[in-house]
Amino acid sequence: MCGIMGYVGPQDAGPILVDGLRRLEYRGYDSAGIAVTNGSIHVRKAQGKIVNLEALLKREPLSGSVGIGHTRWATHGAPSDANAHPHTDPTGEFVVVHNGIIENYQSLKDQLAAAGAVFTSETDTEVLAHIIAREYDGDLVEAVRSTVAVCEGAYAMVVMSKKEPGKIVAVRKISPLVVGLGDGETYLASDIPAVLHRTRDFMIIEDDEMVIVTSEGATVKTIEGTEIDREVLHIDWDSARAEKGGYDHFMLKEIYEQPSVVTETLAGRLDEDGTVWLEDVAFDDDYVRSLDRVWITACGTAFHAGLIGQEIFRRVLRLPSNVEYAHELRYADPIIGPNELTIAISQSGETADTLAAARQAGESGSRMLAITNVVGSTLSRYADDVLYTRAGPEISVASTKAYMAMLIAQYLLALRLGSARGTVDKELATRIAHGLHRMPAAIEKTLAAEPDTIRAAEEIKDADDVYFIGRGLDYAIAMEGSLKLKEISYLHSEAMPAGELKHGTLALITDGVPVIVILTQRSVYDKTISAVQEVKARGGKIIAVAYDTDEEIAKHADTVLRIPDMPDLLAPVAAVVPLQLLAYHVARMRGHDIDQPRNLAKSVTVE
Ligand code: M6R
């Protein structure tokens, strides 16, 4: 996830681009840059936040009335001046910024290198600039079109050339792109808030579309070249809402970003047959076969993601796997050996307890793999191998989309380890891959049922206590649902395995006490229904999360939140979504500060 800007008009482009990038900084902030044309192309870019770019522009000013800009969230190559966008071709005549991932960039880069190309960065973006320059034959639009034809992935790219001044060509393939229409000037951006203070008239560019931007406006076409009559959308959001992309809170925005987070985290890593490519994971098959155990360590929501990982690894790899809270593991004097892989999971990569546990595992001789969202974070630098989630910056303290990306990362890892150990055959790998590729659509469908979660929120918003139950993977989801609810709604909630209820907590179930049950694991379905009946017998109110094909549950539950039917192993990906929405709506109804709940911090860098 990165932020993209473009401007064509009578004004000096630089300040407009930088101002837009500042408003897009939430999309990424490890480096930023701009390029403008005035006869030739001039680029300024700097590692770090946008203030660094501003300082550079003060020292080395530039001017021109056509320009493109970018604020980066690293995916290929560490955050650095060299890897910052924009990127040019070797002649400096073509310049590109891009958001997302070119999945086949390595093979394209190899082909270019074999033909003599020299690269100055580690990015996939620079490859685009090279290809566009090679394809150019007097028509920038055609050159971009030919480039898109050879690129695979989910991305948005914006291109400018000194050969065709006064014009920007952009393409959207999944990653967002909007055009802002001014009076004799036109803007391009990843998101409406970047330029909402300059215009209220927008065109939304859809997937597989191309847009040609001049000061006179914008022409939208399919990638193949058919012109599209795109209606102009007039936006009347206030500025606070605009910052959140039209949502009332970052948390809700981030919940709704989850389908594209799944797409991005899978991009370029998972073939249809289940073959997995993990760019920063270096261990070989012999090492994987030598493993006796997997440890997973993390805190909070990341720990809950680890609970899912533990269950998947046990089931898919038939390998002993233990998830431990990092703050417990670091003082538990655990017996971790060299034939044991430790996986530390952390959105921020800066959680003090997780770092300490990871170090301790490393010192015990265990290889350390980090699953983290932040390129260049302390955890990523310490780890032997890194599997980056690609959720983009998460602003809301309550983690949602980062959790989602952690789940996807662990499915990928299970496939990678399972194929090496021979516990995942081609048929199973293909089934899991197929299911994962269908997840964005399944999450979209689940999100569409948001009104049901609002009704369920009405039912529990005044409760004193809420209980979450489930078995196996459903128990792991129950844990996350409970944490989400308590951290933003301040309602007391507790999660437990469904079978545990009768061993004590049942004493607390009286008339109307809400019990949220997750029911996606068919092998233990009847067992969980028994717990549901125990609750019903005491007057408890049942809210169930269940497949849309599950007719039985309607006989037992007061309210059912539906998810699409899917393989049980993958169900957590969809099942968590109604619980995130439920927590969000309860907190909203109770009037809380959702994005910054009391007493909490986004990154816990103290013990
Ligand atoms: O950055 P991390 O993933 O290491 O953070 C760990 C926890 O502090 C974090 O998941 C916390 O539990 C969230 N606020 C929960 O929504």
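Me: Two strands pair if DSSP finds at least two bridges between them; in this predicted model, how many bridges join strand E21 to strand E23?

Reply: Strand E21 covers residues 465–470 and strand E23 covers residues 514–519, and the two run parallel. Because pairing needs at least two bridges, E21 and E23 qualify as paired strands, the number of bridges that join them being three.

Me: In the open sheet ordered E17-E16-E18-E19-E20, which residue is the bridge partner of Trp-295 in E17?

Reply: The pairing in this sheet of five strands is parallel, and strand E17 (321–325) and strand E20 (385–388) stand at its edges, each with a single partner strand, so one side of each is left without a neighbour in the sheet. E17 is joined to strand E16 (residues 293–298) by five bridges, and the two run parallel. Within E17, the bridge partner of Trp-295 is Asn-322.

Me: Which helix packs on that sheet, touching E16, E18 and E19?

Reply: From one strand of the sheet to the next, the twist averages 20°. The helix in question spans residues 352–363 and touches E16, strand E18 (340–346) and strand E19 (367–372). Its direction makes about 165° with that of E18, and its name is H12.

Me: How far is an oxygen atom of the ligand from a polar side-chain atom of Thr-351?

Reply: The ligand is surrounded by 15 residues, the closest being Ser-346, Gln-347, Ser-348, Thr-351 and Glu-487. An N or O atom in the side chain of Ser-346 lies 2.5 Å from an oxygen atom of the ligand, while a polar backbone atom of Gln-347 lies 2.6 Å from an oxygen atom of the ligand. For Thr-351, the distance from a polar side-chain atom to an oxygen atom of the ligand is 2.5 Å.

Me: Are helices H14 and H19 roughly parallel or antiparallel?

Reply: The axes of H14 (residues 401–421) and H19 (residues 571–589) come within 10 Å and cross at roughly 170°. Where they meet, Tyr-403, Met-404, Leu-407, Ile-408 and Tyr-411 in H14 face Pro-572, Val-573, Val-576, Val-577 and Gln-580 in H19, and these residues divide into nine nonpolar, one polar and no charged. Because angles over 145 degrees count as roughly antiparallel, the orientation of H14 to H19 is roughly antiparallel.

Me: Which residue has a positive phi although it is not a glycine?

Reply: The residue lies in the loop between helix H11 (326–329) and E18. Its phi is about 50°, and the residue is Asp-333.

Me: What is the omega of the cis peptide bond that joins His-85 and Pro-86?

Reply: Pro-86 lies in the loop between strand E4 (66–72) and strand E5 (87–88). The bond that joins His-85 and Pro-86 is cis, with an omega of about 0°.

Conventions
Residues are numbered from 1 along each chain as its sequence is written. This is a predicted model: local features need pLDDT of at least 70, side-chain atom pairs count only at pLDDT 80 or more; totals for chains, interfaces and linings use all residues. Side-chain values use heavy atoms; hydrogens and water are left out. Axes are lines fitted to C-alpha atoms, for helices over the stretch in contact, and angles run from 0 to 180 degrees between N-to-C directions. Helices (H or I, at least four residues) and strands (E, at least two) are DSSP runs, numbered from the N terminus. Angles under 35 degrees count as roughly parallel, over 145 as roughly antiparallel, 65 to 115 as roughly perpendicular and the rest as oblique. Contact means heavy atoms within 4.5 Å. Ala, Val, Leu, Ile, Met, Phe, Trp, Tyr, Cys and Pro count as nonpolar, Asp, Glu, Lys and Arg as charged, and the others, Gly among them, as polar. A residue is near a molecule or strand if one of its heavy atoms lies within 4 Å of it. A polar contact is a pair of N or O atoms within 3.5 Å; within protein, one must be able to donate a hydrogen and the other to accept it, and residues adjacent in sequence count only if both atoms are side-chain atoms.
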